[in-house]
Amino acid sequence: MTATLRTKRLTALAAIVAMTILAAGCGDDDAGSGDGDRLSVATTVAPITSIVANIGGDRVKITGIVPEGTNSHTFEPKPSVAELLSQVDVLYVNGLKLEEPTKELAERTMKGGADIVELGTRSIPASEYAYDFSFPKSGGKPNPHLWTDPLYALRYAQIVRNDLSKRVPDGGAYFKANYDRFKAKIDAFDRAMRTSFATIPRAERKLLTYHDAYAYFAKDYGWDVIGAIQVSDFEDPTAKEVAALIDQVRETKVPAIFGSEVFPSPVLEQIGKEADVKYVDVLRDDDLPGEPGEPEHSWMGLMHFDFVTMTEAMGGDASALKAFKPGDVVPDTAEYPQ
Ligand SMILES: [Zn+2]
């Protein structure tokens, strides 16, 4: 083989490689045609992953970080999460200081031009942050659970719609259509919630929970959070505090108190027994019900489960909520670490 011929062959090969790269690049106009072309998104807790999936649909590749069923408040990402973060175009977090270790890792490892978007922090002015039993002002961390309130979940979806529209060329109409369907479904959910909650006298809508996850929801939907067992350092209360809570439960005459599926609480069980009220230990705030791919495995399925549970435990009629079928507005292909 002469030197000239070899050069020609190499040139031809280079041309083919270049054409292949160009052809692959064309997919950018048509995100969704292949994984390599899709905007790459990371999310933290599962409810946020689900909300982002409802807007992003098949035009973004979504990978969750916090495994379901782990305590998101104390979660520390494994070093392997750095690998994912180094590749994504955007990281959606709740903010309000929920995911500080993940945020710090992201700031160190994300590529140039990639962004961290704090959905919660952008949804509420600091003057409206809730500080309460588990999240006292002195601790410096506000109650971060905005997503358990459908009105804030809708704001998250709106921010995601606007943000994705900027990042994905020609994606705007698709994300808007998904958002509009998601909004219509949340509106119907909201109506079913209000109808069901109205069957419980306002004065009896009292929540004593283990994990303090419903502050914003309670304010918007006419419930009172009368206490939370889990204190700011995620430890159980002292014997004296438990005794005071038992008195409080007896005085307020609530028919039920609520535990969290993620934080089993012998203390709350004890309070329930001694105050002679039902102890319902299945509420969840970030562990989605069902398995990935099932309709209840969604932000909406999670909240629907909680609100039916609360209504029935309080002696209300949850039939309006039960007639409403929660689920995703587009197939959810996000990755949920288990
Ligand atoms: Zn929580």
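Asp163 and Arg167 both belong to helix 6 (residues 150-167), where they stand four residues apart, about one turn of the helix; helices here are DSSP runs of H or I of at least four residues, strands are runs of E of at least two, and both are numbered from the N terminus. The side chains of Asp163 and Arg167 meet in a salt bridge at 2.7 Å, N to O, the term being used for a side-chain nitrogen of Lys or Arg within 4 Å of a carboxyl oxygen of Asp or Glu. Asp163 is buried at 6% relative accessibility, whereas Arg167, at 23%, counts as partly exposed; buried means under 20% relative accessible area, exposed over 50%, and partly exposed in between, with a 1.4 Å probe and protein chains only.

This is a predicted model, in which local features need pLDDT of at least 70 and side-chain atom pairs count only at pLDDT 80 or more, while totals for chains, interfaces and linings use all residues. Residues are numbered from 1 along each chain as its sequence is written, and side-chain values use heavy atoms, with hydrogens and water left out.

Across the whole structure, the search finds twelve salt bridges, and Glu100, Lys103 and Glu118 are linked in a network of them. Glu100 and Lys103 form a salt bridge whose closest N and O atoms are 3.7 Å apart, and the two residues, three apart in helix 4 (residues 100-109), are separated by about one helical turn. Glu100 is partly exposed, at 23% relative accessibility, while Lys103 is buried, with a relative accessible area of 15%.

Lys103 also forms a salt bridge with Glu118, the closest N and O atoms being 2.8 Å apart. Because Lys103 lies in helix 4 and Glu118 in strand 4, this pair ties together parts that are 15 residues apart in sequence, and Glu118, like Lys103, is buried.

Four strands form an open sheet in the order 2-1-3-4, with parallel pairing, where two strands pair if DSSP finds at least two bridges between them. Strand 2 (60-64) and strand 4 (115-118) stand at the edges with a single partner strand each, so one side of each is left without a neighbour in the sheet. From one strand to the next, the twist averages 25°.

Strand 1 (residues 39-43) pairs with strand 3 (residues 90-93) in the parallel sense over three bridges, and Tyr92 in strand 3 is the bridge partner of Thr43. Helix 2 (residues 46-56) lies across strand 1, strand 2 and strand 3, running at about 175° to strand 2; contact means heavy atoms within 4.5 Å, and axes are lines fitted to C-alpha atoms, for helices over the stretch in contact, with angles running from 0 to 180 degrees between N-to-C directions.
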